Amino acid sequence: MKKVCCIILGLLNILHAQEIEFNVSVNNDTLLLGNYLEVKFEIKNGNGTFQAPDFSGWSIVSGPNTASSYSYMNGQVNQSSSYTYYLEAPSDGIFEIGVAKLKTEDIELKTPSLKIVVYQNPEGVRQHPKFKSDERINPVSYTHLRAHETVLDLVCRLLLEKKTKKKT
């Protein structure tokens with residue numbers, strides 16, 4: 001009976017499979033020289049082999065930084081993963097971010113190439129970068145993981161707390 005239920009659930013998941021999405025986004029399409037550009041590639045409802053674009057002409061400040069999530073709620077499966085890069089242009093001008101590729105078992109998906117305009121920045125204006133190497137990131141410490149089951153769902157909760165220095 002368990003095998004039959006597993007097979008039926010597997011078939012239902014296949015029938016309700018969602019289409020794979022592969023997107024690219026940037027935090028700005030124009031940039032002042034000396035600021036960072038955030039480029040994020042996001043994969044939804046699928047997985048495969050990610051091939052980053054050619055970042056020639058750019059300095060990679062950080063990346064690839066990866067994140068992933070998976071949820072199963074009321075029979076609905078959602079899965080996503082992302083690859084984020086922080087780039088810096090060496091001079092002003094028009095720069096291109098090439099095509100990224102995602103190869104799955106069945107298909108190959110591509111993102112469009114993007115053009116970014118970089119302007120001179122004689123006043124040294126900061127464009128609210130999300131990543132600053134001169135800022136200290138406060139670490140967090142793992143506290144505990146709690147899990148409980150309701151009638152319909154399994155609920156997991158990870159509690160984090162900010163690390164504090166002990167005063168002596």
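Among contacts in the protein chain between residues at least 6 apart in sequence, what percentage join residues at least 24 apart? Please go on from there to the largest nonpolar core, and say which residues have the most contacts inside it.

Analyst: The model is predicted, so local features need pLDDT of at least 70 and side-chain atom pairs count only at pLDDT 80 or more, while totals for chains, interfaces and linings use all residues. Residues are numbered from 1 along each chain as its sequence is written, and side-chain values use heavy atoms, without hydrogens and water.

The percentage is 61%, taken among contacts in the protein chain between residues at least 6 apart in sequence. A contact here means heavy atoms within 4.5 Å. The chain has one helix and 12 strands, where helices (H or I, at least four residues) and strands (E, at least two) are DSSP runs numbered from the N terminus. Of its 168 residues, 23% count as buried; buried means under 20% relative accessible area, exposed over 50%, and partly exposed in between, with a 1.4 Å probe and protein chains only.

The largest nonpolar core has 20 residues, and Phe22, Phe41, Trp58 and Ile97 have the most contacts inside it. Strand 1, strand 3 (36-44), strand 6 (76-88), strand 7 and strand 10 (114-119) each supply at least two residues of this core. Strand 3 gives the most, with four residues. A nonpolar core is defined as a set of buried Ala, Val, Leu, Ile, Met, Phe, Trp, Tyr and Cys residues joined through side-chain atoms within 4.5 Å. In soluble globular proteins, nonpolar side chains tend to be buried together.

Leaving out residues up to four places away in sequence, Ile97 touches Val26, Leu37, Val39, Pro53, Phe55, Trp58, Leu87, Ser113, Leu114 and Ile116.

The aromatic residues come next. The structure holds six aromatic pairs; rings of Phe, Tyr and Trp (its six-membered ring) pair if their centres lie within 6.5 Å, and planes under 30 degrees apart count as stacked, over 60 as edge-to-face and the rest as tilted. One of the pairs is Phe22 with Phe50, edge-to-face at 6.2 Å centre to centre and 80° between the planes. Phe22 lies in strand 1 (residues 21-26) and Phe50 in strand 4 (residues 49-51), so this pair ties together parts that are 28 residues apart in sequence. Phe22 is buried at 9% relative accessibility, and Phe50 is buried with a relative accessible area of 15%. Trp58 and Phe95 form another of the pairs, tilted, with 5.3 Å between centres and 50° between the planes. Trp58 lies in the loop between strand 4 and strand 5 (59-73) and Phe95 in strand 7 (residues 93-97), so the pair ties together parts that are 37 residues apart in sequence. Both Trp58 and Phe95 are buried. Phe22 and Phe50 also belong to one aromatic cluster with Phe41, Phe55, Tyr83 and Tyr85.

Strand 3 and strand 6 run antiparallel and are joined by nine bridges; Ile43 has Ser81 in strand 6 as its bridge partner.

Strand 4, which holds Phe50, belongs to an open sheet of three strands in the order 4-8-9, with antiparallel pairing. Its edge strands are strand 4 and strand 9 (108-110). Three bridges join strand 4 to strand 8 (residues 101-103), and Gln51 stands opposite Lys101 in strand 8.

Two backbone details remain. A cis peptide bond with omega of about 5° joins Gly63 and Pro64, and Pro64 is in strand 5. Asn45, in the loop between strand 3 and strand 4, has a positive phi of about 60° although it is not a glycine. Asn45 counts as buried, at 19% relative accessibility. Most residues other than glycine have a negative phi, and most peptide bonds are trans.

Notes: Two strands pair if DSSP finds at least two bridges between them.
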